[in-house]
Every structure is written in C-alpha cells, then in structure tokens.
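Subject: Structure for your review

Dear colleague,

Please find the structure below, followed by a summary of what was found in it. I would be grateful if you could read the two side by side.

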Amino acid sequence: MKYVTVRDYLVELIDTRLSVGDVVPSERELAERFGVSRMTVRQAVDSLVSSGRLERRRGSGTYVRAPKVDVQSRISSFSEEMRQRGMIPDTRVLRGEELPATPDVAVWLGIEPGESVHFIYRVRLADGIPMAVERTWISTRVMPDLLANGVPTSIYGALADAGLVPTWGEDAIEALSGDAVICELLHIPVGSPLLAINRRTYADDLAVSYSRSWYRGDRYKLWVPISGPRRTLYPPRGGSR
C-alpha cells in the first residue's frame, strides 16, 4: 500500500535524523515527494499519531513526540524503573510530616481513623522532567522513625531496611483529566490526561503503605502481566478511593 511507503519513510526520519520536538515534512511536501494524494499521506501520519510517534499541533504542524514510558504493575521504585529505561531519576519533596489518618486512608492501611501516619508528598522527575505526583501514607505504628532524618530517598528501601520488604500489592488504575494542582506540578495544561494509580503494598500480610499517584498520560502507557483468577482485596471493605 502506498501509505506504508510514506509511513516507513517517516519512521526512518524519526529514528535517524529527527529529535523529539522536531517538525516533520508537511502533507503537501510528502505528497509531492512520493507522488501520492494528501489523503494517503494523512493515513500514514495518522498511523504514527495513533502509535504515539508523532503529535499534531493545530495551526503549527506535526512533531516528533517523546516516547511513552511503560508503567509496570509490579513492586519497584520509581527510581529503579527510570534507571532501567536509561533515564536519570530525581525527586522534589513537597511535604513530609505526621498526620492523623483520614477515614479512607485508615481503611486502606487497616488502622483506626485518627491514628498517626507519615504523609509524604513528592514530584517524581526523569531527566529533569516532572513525570508523576505521588502521595504516600505509612502508619507510624509500622515505622515510627521513618521521617526521623527527613524523607528517605527510597520509601521501599526504608521499609526493607526495617525488615518490612514489600512482597506484594494491589493497584486500582483509572484514566482521568488533571486538576489545576496536579497539572501545575507536572507542568502540563489543566485537563490533560493522567493515569491515576491507587496502590496498597504489603509485607506478607501486613499493609505497610498506601499511595495515590498521578502519571502524565502523554509520557506513560500501562503494561500489565496477567494470570489466572485469584482472590482480590480491592476495594477495601468500607473504603473509598
């Protein structure tokens, strides 16, 4: 098919000659170069827009898009995930303090409302770009000294050091539009698509942490291995998201 020739040419341009943010040749230029209709060119461009290789900007043109990073549903730190993808992770801590647990957080952690929890609020970056916002709660009953020396670089690492190695967990995932607070932290327009993940992490049968994370929809895609059916604990009885 003629559009495949145009698409393959664009893929070669993206892979060998263009960088993220560069504009690709216009539909008119491509139609003249390959002697095809603009409809054929548009079909080729559409296929690359759908696959995430290109993005259209109204009134401006079509540009090379930053590749999306896989978010894998497994127990590993953000820093570990980014390093595996050849990116440099960083963290901006917004808050780290002890608070009384709200009813919904208490349900997720299996404690009583009002009990003390550590609250950690962070922006996660990769190669200097804000990629995700995370809010994490950990019962002070489980880890009394978690914040004794400030917010740890790795929460999972701090848990492991305390003999509470995270062994399994559950994610609740949804797509939503970002509000003003989250979008400002991520440096994206209000209403941008986000991948929201509620996660409860266990060390054996003990719930050791609960987190809410918002990942940029333009930089992430979800990869989830699946297996046969098993008992699930989500949603926690009496809890809400």
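A residue is called buried when its relative accessible area is under 20%, exposed when it is over 50%, and partly exposed in between (1.4 Å probe, protein chains only). By this criterion, 42% of the 241 residues of the protein chain count as buried.

This is a predicted model, in which local features need pLDDT of at least 70 and side-chain atom pairs count only at pLDDT 80 or more, while totals for chains, interfaces and linings use all residues. Residues are numbered from 1 along each chain as its sequence is written, and side-chain values use heavy atoms, with hydrogens and water left out.

Overall architecture

The protein chain has seven helices and 10 strands; these are DSSP runs numbered from the N terminus, helices being H or I of at least four residues and strands E of at least two. Contact means heavy atoms within 4.5 Å. Of the contacts in the protein chain with a separation of 6 or more, 61% are accounted for by residues 24 or more positions apart.

Helix packing

Helix α1 (residues 2–16) packs with helix α2 (residues 27–34) at an angle of about 115 degrees, the axes lying 11 Å apart. Here axes are lines fitted to C-alpha atoms, for helices over the stretch in contact, and angles run from 0 to 180 degrees between N-to-C directions. On the α1 side, T5, V6, Y9 and L10 make the contact, and on the α2 side L30, R33 and F34. These residues divide into five nonpolar, one polar and one charged, where Ala, Val, Leu, Ile, Met, Phe, Trp, Tyr, Cys and Pro count as nonpolar, Asp, Glu, Lys and Arg as charged, and the others, Gly among them, as polar.

Nonpolar cores

A nonpolar core is a set of buried Ala, Val, Leu, Ile, Met, Phe, Trp, Tyr and Cys residues joined through side-chain atoms within 4.5 Å. The largest one has 22 residues, of which L109, V133 and W137 touch the most other members. Two or more residues each come from α5 (103–109), β5 (116–126), β6 (129–139), α7 (180–186), β8 (193–203) and β9 (206–216). The largest share, five residues, is given by β5. Leaving aside residues up to four places away in sequence, L109 touches V117, W137, I138, S139, A207, V208, S209 and Y210. A second, separate core of 16 residues includes Y9, I14, A31 and V41.

Salt bridges

A salt bridge is a side-chain nitrogen of Lys or Arg within 4 Å of a carboxyl oxygen of Asp or Glu. The whole structure contains 15 salt bridges.

R212 pairs with D104 in one of them, with the closest N and O atoms 2.3 Å apart. Because R212 lies in strand β9 and D104 in helix α5, this pair ties together parts that are 108 residues apart in sequence. Both R212 and D104 are buried.

D171 and R199 also form a salt bridge, at 2.6 Å from N to O. D171 belongs to strand β7 (residues 168–177) and R199 to strand β8, so the pair ties together parts 28 residues apart in sequence. R199 is buried, at 13% relative accessible area, whereas D171 counts as partly exposed at 23%.

In the salt bridge of R95 with E97, the closest N and O atoms are 2.3 Å apart. R95 is partly exposed at 36% relative accessibility, and E97 is partly exposed at 27%. Finally, salt bridges link E27, R38 and R42 in a network.

With kind regards
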